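These notebook entries record what I looked up, beginning with the sheet and ending with a pair of helices.

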Amino acid sequence: MSKLFRAVILGPPGSGKGTISERIAQSFGLKHLSSGDFLRENIAANAEAGVLAKTYIKKGLLLPDHVMNRLLLPRLEEITTYSWVLDGFPRTLAQAEALNSACDLDVVINLNIPLETLKDRLRHRWIHPSSGRVYNMHFNPPRVQGLDDITGETLIQQEDDRPEALVARLRHYKDIAKPVIDLYKVKGILYTFSDTETDRIWPNINTLLSTKIPTLQSDARCASTHSEIL
């Protein structure tokens with residue numbers, strides 16, 4: 001059995017982490033893991049970590065490190081039969097250090113997207129709350145405006161995606177991400193990609209991973225759909 005491959009995607013809100021993760025999963029047979037999916041599943045199952053997370057969400061607070069670690073690390077440690085790419089975690093140095101203790105990462109991809117591009121993307125981003133599906137009214141609109149393609153339920157725009165909150169949100173990300181980026185740079189596994197369009201970044205990421213993953217994971221367990229993760 002080939003060595004398991006574990007990758008993390010870093011990037012600010014609106015940088016395309018989910019899109020890149022999906023392309024990696026489809027191209028290389030990795031499982032796409034999302035911190036948002038873990039969170040929603042724990043809340044839906046009324047799990048202890050999910051109940052704890054919900055108390056912060058109801059107050060409009062960011063989840064602290066110890067809650068995020070409880071949501072993700074036990075599940076990641078259980079995954080021993082397939083390779084994966086993870087987006088949405090870690091976000092802070094404490095989370096990165098906890099992840100390092102639990103898993104050996106092979107590659108960390110950092111998406112460095114210009115501020116104006118991020119602001120434009122987030123201004124037009126709408127979300128289906130219960131599933132986490134994301135739409136952009138410019139380049140990935142729903143089939144029916146304002147409604148989720150799968151359920152037909154109403155889409156929302158997150159408060160922190162609104163123009164008045166965007167700059168502060170992105171500045172906060174930059175502050176907390178720097179030590180995480182520095183940590184992985186020192187470890188020698190950080191690769192940064194910069195551009196304004198995902199389609200221009202993707203070929204370079206594809207080339208990198210083609211040299212890092214010599215054997216494609218062909219087992220059916222490595223299918224990229226989120227529904228098979230949990």
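I took two strands as paired where DSSP finds at least two bridges between them. Strands (E, at least two residues) and helices (H or I, at least four) are DSSP runs, numbered from the N terminus.

Entry 1, basis. I worked on a predicted model, in which local features need pLDDT of at least 70, side-chain atom pairs count only at pLDDT 80 or more, and totals for chains, interfaces and linings use all residues. Residues are numbered from 1 along each chain as its sequence is written, and side-chain values use heavy atoms, with hydrogens and water left out.

Entry 2, the sheet. I looked up strand E2 and found that it pairs with strand E3 (residues 84-87) in the parallel sense over 4 bridges. In this pairing, Lys31 stands opposite Trp84 of E3. I then followed the order of the open sheet, in which 5 strands run E2-E3-E1-E4-E7 with parallel pairing. E2 (31-34) and E7 are the edge strands; each has a single partner strand, so one side of each lacks a neighbour in the sheet. On average, neighbouring strands of this sheet are turned by 20° against each other, direction ignored. Such angles run from 0 to 180 degrees between N-to-C directions, and axes are lines fitted to C-alpha atoms, for helices over the stretch in contact.

E4 pairs with strand E1 (residues 6-10) in the parallel sense over 4 bridges, and Leu10 stands opposite Asn110 of E4. With strand E7 (residues 190-194), E4 pairs in the parallel sense over 5 bridges; here Asn112 stands opposite Ser194.

I found that the axes of H1 (residues 17-28) and H8 (residues 198-212) come within 11 Å and cross at roughly 40°. The crossing of H1 and H8 is right-handed, meaning that the near helix is turned clockwise from the far one by less than a right angle. Their contact (heavy atoms within 4.5 Å) includes Ile20, Ile24 and Phe28 of H1 and Trp202, Ile205 and Leu209 of H8.
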